[in-house]
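Hi,

Here is the structure I promised to pass on.

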Amino acid sequence: APFFILFYGMMMADMGYGLVMMLASLIVLKKKKPGGTMGHLFGLLGLCGVSTFLFGALTGGFFGDALVKIGGILGKPEGWGELPSLFTPLNDTVYVLVGSMALGLIHLNTGLAISFIKKIKHGQIADAIWEEGSLWVTLAGIILYVLKIGNVSGVPVVLIIGAVMIFYGGSRGSKGIFGKLGSLFGTLYNTATGWFGDILSYTRIMALMLAGSVIATVFNTIGAIANSFWLFIPIFIIGHGLNFALNLLGCYVHDLRLQCLEYFGKFYEDGGRPFDPLTVKTKYYNVAE
């Protein structure tokens with residue numbers, strides 16, 4: 001839940017949209033008092049609104065650059081309405097991209113830590129060491145190699161140890177030379193491409209933050225073309241209504257993908273019974289058509 005709320009706020013990242021989400025959540029929870037999952041959904045909407053507002057404050061976004069455009073229409077001096085910002089998705093795209101992947105690395109390693117603890121609790125100590133443990137040693141080796149720390153005569157010792165652990169762990173259950181070679185190749189391919197693809201998947205955080213900011217700015221620019229406040233208002237309402245609706249759903253779906261595929265894929269185990277409500281369930285005989 002903390003990761004979901006954090007990522008959602010990063011993707012939306014606008015104080016105006018965050019205020020709308022918080023107000024909508026409060027109004028529905030107070031007036032309608034929904035129960036069950038609907039109540040949880042609107043509670044989550046409010047928390048995501050808080051996160052969206054905070055990241056909007058960091059990026060200086062309030063319905064995009066609406067205040068700046070309004071200031072221009074009203075004849076205010078240049079720079080009026082510009083909010084302070086720590087970074088902006090338009091000017092600091094590379095930093096946002098790197099930050100998104102760094103958060104993804106933290107997210108994935110949290111999933112690995114959960115998997116490691118579950119295996120230890122179930123007595124699968126060897127699996128925990130040769131699977132999650134080997135990945136952590138390899139990751140530490142990569143970081144040390146980049147920082148040029150711990151190398152012996154230019155050889156990245158920790159990285160080599162991690163690679164050996166991964167190869168051994170991947171081939172433990174294989175028999176025969178060809179079986180072990182196949183396992184080694186599969187382990188190398190799956191580890192490299194899997195982690196590379198998973199971390200790249202978090203770039204969607206930057207993409208949605210950038211897209212939402214650009215679309216908001218475009219609608220504000222269109223509204224300000226006529227230099228009339230009364231023409232600006234309807235374009236502002238329609239444009240931001242569309243952008244808000246698009247981001248409300250888009251951020252939810254993409255955030256769910258990061259949780260259910262990248263994160264849960266590291267430790268989640270399914271269970272229960274298959275959902276087949278139209279299947280004829282009989283105890284002593286089979287029905288054939």
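Predicted model: local features only at pLDDT ≥ 70, side-chain atom pairs only at ≥ 80, totals over all residues.

Residues are numbered from 1 along each chain as its sequence is written, and side-chain values use heavy atoms, with hydrogens and water left out.

**Helix pairs**

Start with helix α1 (residues 2-12) and helix α3 (residues 36-59): their axes come within 7 Å and cross at roughly 50°. Those axes are lines fitted to C-alpha atoms, for helices over the stretch in contact, and the angles run from 0 to 180 degrees between N-to-C directions. α1 and α3 are therefore oblique to each other; under 35 degrees counts as roughly parallel, over 145 as roughly antiparallel, 65 to 115 as roughly perpendicular, and the rest as oblique. Their crossing is right-handed, which is to say that the near helix is turned clockwise from the far one by less than a right angle, with anticlockwise giving left-handed.

Which residues of α1 and α3 meet? On the α1 side they are F4, I5, L6, Y8, G9, M10 and M12, and on the α3 side L44, L47, C48, S51, T52 and F55. Contact means heavy atoms within 4.5 Å. By class, the residues of this α1 and α3 contact divide into 10 nonpolar, three polar and no charged. (Ala, Val, Leu, Ile, Met, Phe, Trp, Tyr, Cys and Pro count as nonpolar, Asp, Glu, Lys and Arg as charged, and the others, Gly among them, as polar.)

The other pair is helix α6 (residues 125-147) with helix α7 (residues 157-170), whose axes come within 7 Å and cross at roughly 155°. That angle is why α6 and α7 are roughly antiparallel to each other, and α6 passes α7 in a left-handed crossing. Among the residues making the contact are W130, G133 and L144 of α6, together with V158, M165 and Y168 of α7. The contact of α6 with α7 has 14 nonpolar, six polar and no charged residues.

**Cysteines**

A disulfide is a pair of cysteine sulfur atoms within 2.5 Å, and by this rule the count is zero. C48 is buried at 2% relative accessible area, and C251 is buried at 0%. Buried means under 20% relative accessible area, exposed over 50%, and partly exposed in between (1.4 Å probe, protein chains only).

**Loop residues**

F63 sits in the loop between α3 and α4 (66-73) and is buried, with a relative accessible area of 17%. Not counting residues up to four places away in sequence, F63 touches D14, G16, Y17, V20, A216, N220, F236 and H240.

Two residues to look at for their backbone are A13 and K148. A13, in the loop between α1 and α2 (15-31), has a phi near 45°, a positive value in a residue other than glycine. K148 is not a glycine either, yet has a positive phi of about 60°; K148 is in the loop between α6 and β1 (151-152). Buried or exposed? A13 is buried at 11% relative accessible area, whereas K148 counts as exposed at 69% relative accessibility.

Cheers

Technical notes: Helix = DSSP H or I, 4+ residues; strand = E, 2+ residues; numbered from the N terminus.
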